Amino acid sequence: MATVALGSSAGKWIMVSSIMASAMAFIDGTALNVVLPSLQQSLNATGTDLFWILNAYLVMLASLIMIGGSLGDKLGRKKVFMTGIFIFIIGSAACGFAPDVTLLIVFRMLQGIGGALMIPGSLSLISSSINEKERGKAIGTWSAFTTVVTLGGPILGGAFGDAGLWRYIFFINIPIGMVALLILWQKVKESRDEESDHALDFPGAVAIALGLASLTFGFLRVPAVGLNNWQVYTTLGAGLLLLAAFIFIESKSKHPMMPLKLFTNMTFTGVNLLTFFLYAGLGAGMLFLSLNLVQAQGYSQLQSGLTFLPFTILMISMARFAGGLADKYGPRLLLIGGPAAAGAGLLILSFVKQTNGPGDYWTTFFPGILVFGAGMSFTVAPLTAAVMGSVSDHFSGTASGVNNALTRISNVFANAILGALAVLFFTGSLQHRIQHTQLNSKQKQAVMAQAANLGDAKVTTGFNEHEQAAVKKLYHASFIDVYARVMQLSAALAFLGALMSFLFIKNSTIKKTNAP
């Protein structure tokens, strides 16, 4: 397919449809973080249930997104993209009507299948269709718009959550998806790699899906049964074996969904390691910041969503500029400094203790969000451009799929490991603090029984008014302890991402790698 100019009519329709579909998926994630408190109360979900609601989607997305990228290259990027949007719409509608946690988790898996076909399709269409000289600017524009809409998600989610309408976070995807489908059908031409065969790596997809699900189950069972329990070590062991099997399958497959040869390119390896560590820190940090604001700091869900506005403004003003800098000077320095600044922002946020609510925002959370936002603004577009620029155009969908899969895999690990640690940290902090109270042993047991609910822990019956206030303070203080430790771990992951860029990415050695 001949490439088109970014400013042409065809180029604009490609950008609009890609941005709308991508934003639909990304807004779902960010808005969901903000409405989790409402969802938790409405469905009587435990803290572990929340991490499963997040990971059910991510496991399916991570395990199938690489097949989604390859499928687009082989069968037609537009066709697969549209199929993914349709499945995502159906899954979103089902999630909106889910009557309990179990069905919500199942329908989130359906959303993940749709997302796996849809998300790589957007970048693949851009990379294969837009003129190479304008590709960095196009990806920067895509990054800026999707990030703006994505970070508008918390505001929308907050408004719906406060109104008791958290289900509309899923329903909002339906009109957005329908418009994107209409544009693609009427205005965008098909694009495919005519030289590709049609074989797909289903054994690899099964191995990685089962491996990630096993690891998630194992880690999230730790708070309930302890580390030295057969359920934990058998599922964690099985998960590690299945991931090892996935690598083996990819090394032997004639049609791997993750061609290991791509990783012989140090730039491709470096940006994917950066992606893994940075987005693990980003996912955990933003989740616990949202929960902290609502459940411990006294923000409404809308106020919590509005705290991310500085981030949004920075992305609007800087992402496209950062993409242009990467085109002109190479991505290396941006991909070292950006993640390091993001890590510094997360670290600053970790030091915020109990505040007096939204009135204290500008002197408490704002500085950390500002530094974090600046770091991410200079990272997103150069990182994406570096991934897509390190492989040949024939494998743009595969490269996008690999990078997006690692983003989701990192979130699976972050939610599973840090989710389990959060419950353990909360239990430990609560146990320590409760020893210094005047509560009797029965009351202490009632307080500790709520530990699995994290920030949504409730004061049960059997307490007078003074004791109820004291227990609420215990819950808030213990959750803020958890928040600080998770944010510090998230910052360490971002710094590790910056180190990966320093070690692996060299502007002078960026060469396109062809998959076998």
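Predicted model: local features only at pLDDT ≥ 70, side-chain atom pairs only at ≥ 80, totals over all residues.
Helix α2, formed by residues 47-75, packs against helix α4, formed by residues 101-129, at an angle of about 30°. The two axes lie 6 Å apart, and the crossing of α2 and α4 is right-handed. The residues of this contact comprise 19 nonpolar, 6 polar and 3 charged.

The structure contains 2 cavities of 30 Å³ or more. The largest cavity has a volume of about 980 Å³, and its lining consists of 40 residues. Phe26, Thr30, Tyr279, Leu282 and Arg408 are the lining residues that lie nearest the centre of this cavity. At least two lining residues come from each of the helices α1 (9-42), α2, α4, α5 (135-162), α10 (266-295), α12 (309-329), α16 (380-389) and α17 (396-434). Classified by residue type, the lining of the largest cavity includes 23 nonpolar, 15 polar and 2 charged residues.

The second largest cavity has a volume of about 40 Å³. Its lining is made up of Gly68, Gly69, Gly72, Asp73, Arg77, Val80, Phe81, Leu117, Pro120, Gly121 and Ser124. Helices α2, α3 (77-97) and α4 each provide at least two residues of this lining. The residues around the second largest cavity divide into 4 nonpolar, 5 polar and 2 charged.

Side chains of opposite charge can pair when their charged atoms come close. In the whole structure, 3 salt bridges were found. One of them joins the side chains of Asp28 and Arg108, with an N to O distance of 2.8 Å. This pair links distant parts of the chain, with Asp28 in helix α1 and Arg108 in helix α4, 80 residues apart. Asp28 and Arg108 are both buried.

A salt bridge is also formed by the side chains of Arg433 and Asp481, again with an N to O distance of 2.8 Å. Because Arg433 belongs to helix α17 and Asp481 to helix α19 (residues 465-504), the pair ties together parts that are 48 residues apart in sequence. The relative accessibility of Arg433 is 29%, so this residue counts as partly exposed. Asp481 likewise counts as partly exposed, because its relative accessibility is 24%.

In a further salt bridge, the side chains of Asp456 and Lys458 meet at 2.8 Å, N to O. The relative accessible area of Asp456 is 9%, and this residue is therefore buried. Lys458, in contrast, has a relative accessibility of 41% and so counts as partly exposed.

Arg320 counts as partly exposed because its relative accessibility is 41%. The C-alpha atom of Arg320 is separated by 8.3 Å from that of Ala138, although these residues are 182 residues apart along the chain.

Key: Residues numbered from 1 in each chain as written. Heavy atoms only, no water. Axes fitted to C-alpha atoms, helices over the stretch in contact; angles between N-to-C directions. Helix = DSSP H or I, 4+ residues; strand = E, 2+ residues; numbered from the N terminus. Left-handed = near helix turned anticlockwise from the far one by under 90°. Nonpolar A, V, L, I, M, F, W, Y, C, P; charged D, E, K, R; others polar. 1 Å grid on protein atoms, 1.4 Å probe; cavity = no way out; pocket = protein on both sides within 12 Å on 5 of 7 lines; lining within 4 Å. Points joined across faces, edges and corners; volume = space filled by probe spheres on them. Salt bridge = Lys/Arg side-chain N within 4 Å of Asp/Glu carboxyl O. Buried < 20%, exposed > 50% of the residue type's maximum accessible area, 1.4 Å probe, protein only.
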